[in-house]
Amino acid sequence: MWVEPIPGEALESWLAAMATRMDATWGELLDAVLPTCVDGTAASYRGAVLTTSLTAQERQAISAATTLDEGQLDSMTLAGRYGAPLITTDSRTGRARTPWGLIYRQRYCPLCLKARPGRRKLEWLLPWMFICVEHRCFLVDACPQCAQLQTVFDWFARRLYPHPDRCDRLVRTSTPPHRCPARLARARPDKLREGHCVLSMQQRLTELLAMPTVDEGVYHRAPVRPEQLLIDLHVLGNWIVKTPQVPELIQVFGGRPTAHEVGKWVHRLSFPALPGQPGSHQAGMPSTDRIALKAPAAWVAAGVTAALVVLMQPSLHEAEEALRTAMPSIGTRELRFRRRKSGIVSSPAVNAMMVKAKVADLTVVQQLRYRTTTDLPQLPHTVRYAGMNPMFHAVPTLFWQEWAFCLDIEGWMWGVTRQLWSRLLVTIGCTMAEHRMKRLLRSTVGAQSVAQFAEGLRTLPYWDSIVAALYRIHQHLQANPPPIDYQRRRMLNYGGLLPEAQWNHLVAEEGFRSSPPTAEAAQLWLTEQLSGAPVATGSLHDRIASTDRVRGTLTPNLVKKLDAVALEHLESQGISGEPTTWEPPLSVLDGVSLPGVPAKAIEPQKIHNLLAAGLTIPDAARTLGVSKWKVRYQIERHPMPADLVASRPPKRIKGRTAIRDGERIQLEPLNDARSHPSRGLGDAYRVDLRTAV
Ligand SMILES: [Zn+2]
Ligand SMILES: [Zn+2]
């Protein structure tokens with residue numbers, strides 16, 4: 001009673017062939033080959049459970065009963081042949097789970113069934129198999145007579161003879177229930193010419209899925225596992241088949257869209273009329289998953305073939321062009337990264353290609369958001385997840401100065417420029433609305449300015465380097481989160497930080513005296529240092545001048561003490577282990593040629609000498625031919641030695657002020673009059689009292 005398994009046969013098909021040979025019902029056969037209970041019967045199975053995978057006991061029992069080698073038995077099951085993670089066994093139903101979902105149906109080749117009646121191939125259960133390569137025809141989904149999709153549930157019933165050559169529909173309404181008598185071999189095969197793209201892509205897919213990783217075509221830069229390839233084909237194929245453009249599809253397949261060919265594909269892609277349903281409507285399935293488990297072979301073929309043709313292009317650019325051919329509507333589609341419960345998320349390579357196909361329609365800010373100039377553009381997170389963007393914790397509202405100097409853009413106020421750089425940096429990969437981002441960052445810069453700034457950048461000759469630098473910084477910060485949580489710093493209360501008395505005391509310890517405006521400026525300056533965000537109070541003009549006086553008062557000792565004050569404040573707010581300020585290493589930008597030069601290129605000694613000679617910071621900057629902010633930056637990090645500060649010559653006095661014994665009076669110009677022509681000279685000078693050592 002021996003029946004030889006045919007190559008690639010499914011386990012239950014072979015068992016059914018044995019039952020047929022022995023003239024046994026399916027139940028009698030199972031009782032003979034499976035482990036049995038006390039009553040002598042085997043457990044009842046519904047659906048292709050044995051073909052999914054075998055337990056050790058089942059394997060042993062079948063092997064003992066049939067003398068077929070255990071390894072060979074396994075190769076006739078989905079789990080044994082394809083294995084995890086392509087195929088896993090669903091613990092509840094015992095059926096096979098694939099990246100496309102739970103297998104519940106099977107296709108068949110009518111020509112194979114004609115040649116070997118009743119013998120079904122294992123691969124017909126795989127939802128991504130749509131072609132019989134041997135016969136160059138589409139697999140068939142439904143019974144030629146009752147149009148019932150061939151499922152796996154009613155494959156065989158215990159009390160019936162298997163009849164594996166017949167439609168597996170069980171007519172339960174009749175007593176006793178019987179199977180649909182239609183022979184599947186009667187179905188009309190839909191053949192393809194030799195070398196057709198659909199044939200070769202089916203073969204290519206089988207080969208790719210057998211490899212440990214896929215690194216061909218667009219995956220060259222970002223290889224994926226075979227199961228991810230299936231997910232990508234699912235996502236992309238669905239897009240393409242959702243609104244199939246038949247002539248374009250034929251072009252993607254490398255054919256000519258003749259009337260005959262178009263007619264053939266229109267027929268294949270139309271929804272087959274179901275018996276008992278009104279008319280042969282073309283509405284198709286309401287489901288969005290057109291190439292998933294429910295879809296007929298031709299649909300899956302069209303989607304998967306077109307998607308695979310696109311994915312196997314030698315470069316992202318060519319893939320993007322092929323995608324635009326297959327899907328002319330791509331430009332109008334919204335792209336967004338979605339986390340799905342199902343885990344169906346397309347791979348970086350596919351996302352990159354989809355973004356590339358849209359670049360022409362994107363604004364500069366959107367281009368940054370999608371990282372379009374990188375090798376692998378990425379989809380941003382959805383709005384819902386944007387708030388969890390770790391970059392908000394990694395980026396201060398006021399961009400790190402040294403990096404801003406390297407990026408160096410003229411024409412914007414420094415305090416604004418720094419905010420703009422930070423805004424652009426957090427825009428990368430983030431879909432948060434600009435007004436929300438502004439509020440979250442406690443920024444003073446509106447969306448309009450961000451867009452204007454970005455558009456302006458694009459016109460610059462070194463735009464590409466600037467973008468490369470921003471991506472580089474973004475990547476660095478993601479991989480190496482800063483020691484400071486800037487989001488927490490922004491929200492902190494700085495109310496009690498450095499009261500006037502404390503500042504006066506600290507300055508007095510250095511042998512100087514300060515004025516109330518300078519004390520206030522010192523407090524605001526320290527707040528800004530700690531919070532990384534702008535403190536918006538009063539006139540910016542006066543602020544800068546007062547803060548320059550703070551900078552002129554700084555000595556190495558005072559800087560240390562201020563640092564201690566800052567740390568104490570952080571600790572009082574429950575933050576420990578963070579430095580007061582931090583800057584990422586400039587080396588991150590090595591190799592990117594940027595227009596600006598960092599402030600560290602200016603020797604502190606030179607600045608000290610100029611200030612000691614009585615020059616103001618703006619004057620010193622003009623003398624050195626560098627930006628005022630670079631001088632400010634350097635003097636904050638390399639304060640003047642105390643004796644130099646003390647030896648600075650007194651200035652002309654304007655207005656009345658009381659001078660006590662041992663006091664020298666010093667005036668500093670607040671700002672160069674040129675930048676504020678509206679201001680009278682009288683306002684531009686303030687008195688600063690200082691005690692000589
Ligand atoms: Zn065949
Ligand atoms: Zn039928």
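What percentage of the 693 residues of the chain count as buried? The figure is 39%, where buried is a matter of counting neighbours: a residue is buried if 20 or more other C-beta atoms lie within 10 Å of its own, exposed if 12 or fewer, and partly exposed in between, with C-beta atoms placed from the backbone.

Hello everyone. Before we go on, a word on the source: this is a predicted model, in which local features need pLDDT of at least 70 and side-chain atom pairs count only at pLDDT 80 or more, while totals for chains, interfaces and linings use all residues. Residues are numbered from 1 along each chain as its sequence is written, and chains are lettered from A and ligands numbered from 1 in the order in which they are written.

Let's take the overview. Two residues are in contact if their C-beta atoms, placed from the backbone, lie within 7 Å. Take the contacts between residues at least 6 apart in sequence: 68% of them join residues at least 24 apart.

Now please find helix H2, residues 26–33. Its buried residues are Trp-26, Leu-29, Leu-30 and Val-33. Seen down the axis of H2, they fall within an arc of 100°, so they line one face of the helix. The arc here is that of the directions from the helix axis to the C-beta atoms. And what covers those buried residues? Helix H1 (11–22) and helix H4 (56–66) are included in the cover.

Let's stay with H1 for a moment. Two packed helices are described by the angle between their axes and the distance between the axes. The axes of H1 and H2 come within 9 Å and cross at roughly 110°. Axes are lines fitted to C-alpha atoms, for helices over the stretch in contact, and angles run from 0 to 180 degrees between N-to-C directions. On the H1 side we have Leu-15, Ala-16, Met-18, Ala-19 and Met-22, which meet Trp-26, Leu-29 and Val-33 in H2. The residues of this contact divide into 8 nonpolar, no polar and no charged. For that count, Ala, Val, Leu, Ile, Met, Phe, Trp, Tyr, Cys and Pro are nonpolar, Asp, Glu, Lys and Arg are charged, and the others, Gly among them, are polar.

Here is another pair to set beside it. Helix H24 (residues 500–509) and helix H25 (residues 516–531) have axes that come within 9 Å and cross at roughly 100°. H24 and H25 are therefore roughly perpendicular to each other. From H24, the contact uses Glu-500, Trp-503 and Asn-504, and from H25 it uses Pro-516, Ala-519, Ala-522 and Gln-523. This time the residues divide into 4 nonpolar, 2 polar and 1 charged.

On to the strands. Three of them form an open sheet in the order E1-E2-E3, with antiparallel pairing; two strands pair if DSSP finds at least two bridges between them. Strand E1 (88–89) and strand E3 (101–102) stand at the edges, each with a single partner strand, so one side of each is left without a neighbour in the sheet. E1 is joined to strand E2 (residues 96–98) by 2 bridges, and Thr-89 stands opposite Ala-96 in E2. In the loop between helix H6 (78–81) and E1 you will find Pro-85. A cis peptide bond joins Ala-84 to Pro-85, with omega about 0°.

Last stop: two loop residues. Is Met-640 buried or exposed? With 24 C-beta neighbours inside 10 Å, Met-640 counts as buried, and its place is the loop between helix H30 (628–637) and helix H31 (642–646). Not counting residues up to four places away in sequence, Met-640 touches Thr-555, His-608, Leu-611, Ala-612 and Val-645.

Pro-396 sits in the loop between helix H17 (391–394) and helix H18 (401–407). Pro-396 counts as buried, with 24 C-beta neighbours inside 10 Å. Pro-396 and Tyr-486 are 90 residues apart in sequence, and 5.4 Å apart in space, C-alpha to C-alpha.

Notes
Helices (H or I, at least four residues) and strands (E, at least two) are DSSP runs, numbered from the N terminus. Angles under 35 degrees count as roughly parallel, over 145 as roughly antiparallel, 65 to 115 as roughly perpendicular and the rest as oblique.
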